[in-house]
Amino acid sequence: MATSPEIPDLPSDTVIRAGLRSGDLDRIEALFDNLWYDLANTFAPEMLRAVDGVPAAVFESRPRLLHAVLLAYQRTGFAAGNHQQLRRTLQFYVVTGQRYGKRLGSFTRSGDLVTAGAAAVVSGRARGDFNGAEYLGAWTDAAITLGATQPALPWAAVRAAARPGWLSAERGLTATLAGSLDRATRLFTRAHGEAGDPPYAHFAGTSAVANLALLAAYRGHLDLARTWLDTLDRLGPLHDWIEHETTLGAKISRALIAVDEGDTDTAAGVLERIGPATQSTELWPFVAFANAGYEAHFGDPHKGLRMLDTARQQHGALRPDPTTMTGELVLRAEAKLLLRTGAGTRVLHLADRHAEVESLMLFASWAHLLAGEHHEAIRLSSEALQHNDLPVNDQMGHYLVLATADLRTGHPERAAASFLSAIRLRSTPAHISPFLTLRSGELDQLARLAQVTNPLHNGTAAARYNAPPSGPLVHLTPREGEVLRALSAGLTAEQTAARFGVSVTTVRTQIRRIYQKLRVSHRKEALAKAQHLGLLRSPRFVSQGHGG
């Protein structure tokens, strides 16, 4: 595999401008190889003038040149505050990456291959084709690793031409959004190790570290997240036009840490700097999840639901795929907020519709507990704790469900043991968010039984959290649900009986039971309340994974 032409030493500004004016595309690509993002940062106008009039077919065969021009176009859009130009740049990159993905084998230069391969990965990810994106990324990685070009020695100066860590970081982000967090962690760690030195070769490594902090904070490992944030602070600076997107994972990590530790002022400040989840960023589900956590614990849960729905509408995720990270984050955020609005029945219905999202079991357990259904709460939480891959906050939450249920059913020793397990799982002494779901009196009682200090007494949120209200749940049998949907469709008792092949008496008995469970006396009231509780979702919506 042939290598790209390189300039031996980093050129001066005069040499760079002369190279851009020369019209020599090989020379322009060599400048980009040496300077990477810095070429667009400093010479964007000159770069765009240099390629004015170059035919589209030329860019098709020169992915490095196209990437350099797109970065210059992005840089000028940022400087002008032209968000439409930035969106056009991204969309064109997605389309081009899709085309590159179909002809990766035609690129013989390593620089072209890694550029085309990374573009193909981004394109597949943007289209929701995570498996296809990872296939192309792994193929590109193997072709580069096993190709004729020799890798740089560890002690040699790493030049930006190798785009160190870029492909691994893009594959890591793909794995993150696909929900494969173990693979994502390995790829981001690899990208960090591959990254070069500032000021020209550290960009991908910086992005990888920021996302490692995000994954650690999301899993509840606040101490590990802080370690990655400290590492990020020691890396070289970034240009302002790429800083936000490159380090967004770190910002979300800081918000998640602040929410978990009850530092409401810091959380609010960081979330304001991040901006709303409606922004055009691939990490928007994590932004939405962080906002939901803040509003659920310290703000207004109803406002949080409205913000979440707006973000889902903006990104076309009203019916998220529950097998992806986007689906899981959106559904977890919705359940957390619903629980704090007293909508326990809707939480259970959400968990039933998306049984493949195991993390929703925590909110279902809390819903049963808040309704006084202690044994069902114990059953669900005990079952969930058999899984070893639960995030730390979920493990703590399930132990707190068990502790509370055992306390209420007269088993103080078991309650103390479960509460102590939750205490010991904290990654920092200030890690308090799971305890915010408990009633203050029961929290005090459990702390005394376990002979530990009430964890909220060490934090800043003891008097500012939204404890979820208690309330009864509505449990309909599968057949009662079918009868309810038949009534909603306007069918009479006789028509419903004919549909299900049962007697009219049986249907009327089922209707009376439905009215009793809903605490209503006639059909219109029953349908209105069932709609409010989320009980009238049709099977069609269930099969499509509707999360709203």
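pLDDT is the predictor's confidence in each residue, on a scale from 0 to 100. The model is predicted, and its protein chain averages a pLDDT of 90. Of the residues, 93% score at least 70. Where pLDDT is low, the predicted coordinates should not be read in detail.

Helix H23 (residues 412–424) packs against helix H24 (residues 440–450). Their axes lie 8 Å apart, at an angle of about 95°. Angles of 65 to 115 degrees count as roughly perpendicular, so H23 is roughly perpendicular to H24. On the H23 side, the contact involves Pro412, Ala415, Ala416, Phe419 and Leu420. These meet Leu443, Leu446, Ala447, Leu449 and Ala450 in H24. The contact comprises ten nonpolar residues, with no polar and no charged ones.

Backbone geometry was examined in the loops. The peptide bond from Pro198 to Pro199 is cis, with omega near 5°. Pro199 sits in the loop between helix H10 (181–194) and helix H11 (203–218). Gln451 is not a glycine, yet has a positive phi of about 60°. Gln451 belongs to the loop between H24 and helix H25 (478–488). Its relative accessibility is 72%, so Gln451 counts as exposed. Arg519, also a non-glycine residue, has a positive phi of about 60°. The loop between helix H27 (504–518) and helix H28 (523–532) holds Arg519. At 56% relative accessibility, Arg519 is exposed.

The structure holds 28 salt bridges. Among them is the pair Arg17 and Glu46, whose closest N and O atoms are 3.2 Å apart. This pair links distant parts of the chain, 29 residues apart: Arg17 is in helix H1 (residues 13–22) and Glu46 in helix H3 (residues 37–50). Arg17 is partly exposed at 31% relative accessibility, whereas Glu46 is buried at 19%.

Arg64 and Asp112 form a salt bridge at 3.0 Å, N to O. Arg64 lies in helix H5 (residues 63–80) and Asp112 in helix H7 (residues 110–126), so the pair ties together parts 48 residues apart in sequence. Both Arg64 and Asp112 are buried.

A further salt bridge joins Arg171 and Glu134 at 2.6 Å, N to O. Arg171 is in helix H9 (residues 166–178), and Glu134, 37 residues apart from it, is in helix H8 (residues 130–145). Arg171 and Glu134 are both buried. Salt bridges with shared partners also join Asp26, Glu29, Asp33, Arg62, Arg64, Arg109, Asp112 and Arg163 into one network.

Technical notes. Residues numbered from 1 in each chain as written. Predicted model: local features only at pLDDT ≥ 70, side-chain atom pairs only at ≥ 80, totals over all residues. Heavy atoms only, no water. Axes fitted to C-alpha atoms, helices over the stretch in contact; angles between N-to-C directions. Helix = DSSP H or I, 4+ residues; strand = E, 2+ residues; numbered from the N terminus. Parallel < 35°, antiparallel > 145°, perpendicular 65-115°, else oblique. Contact = heavy atoms within 4.5 Å. Nonpolar A, V, L, I, M, F, W, Y, C, P; charged D, E, K, R; others polar. Buried < 20%, exposed > 50% of the residue type's maximum accessible area, 1.4 Å probe, protein only. Salt bridge = Lys/Arg side-chain N within 4 Å of Asp/Glu carboxyl O.
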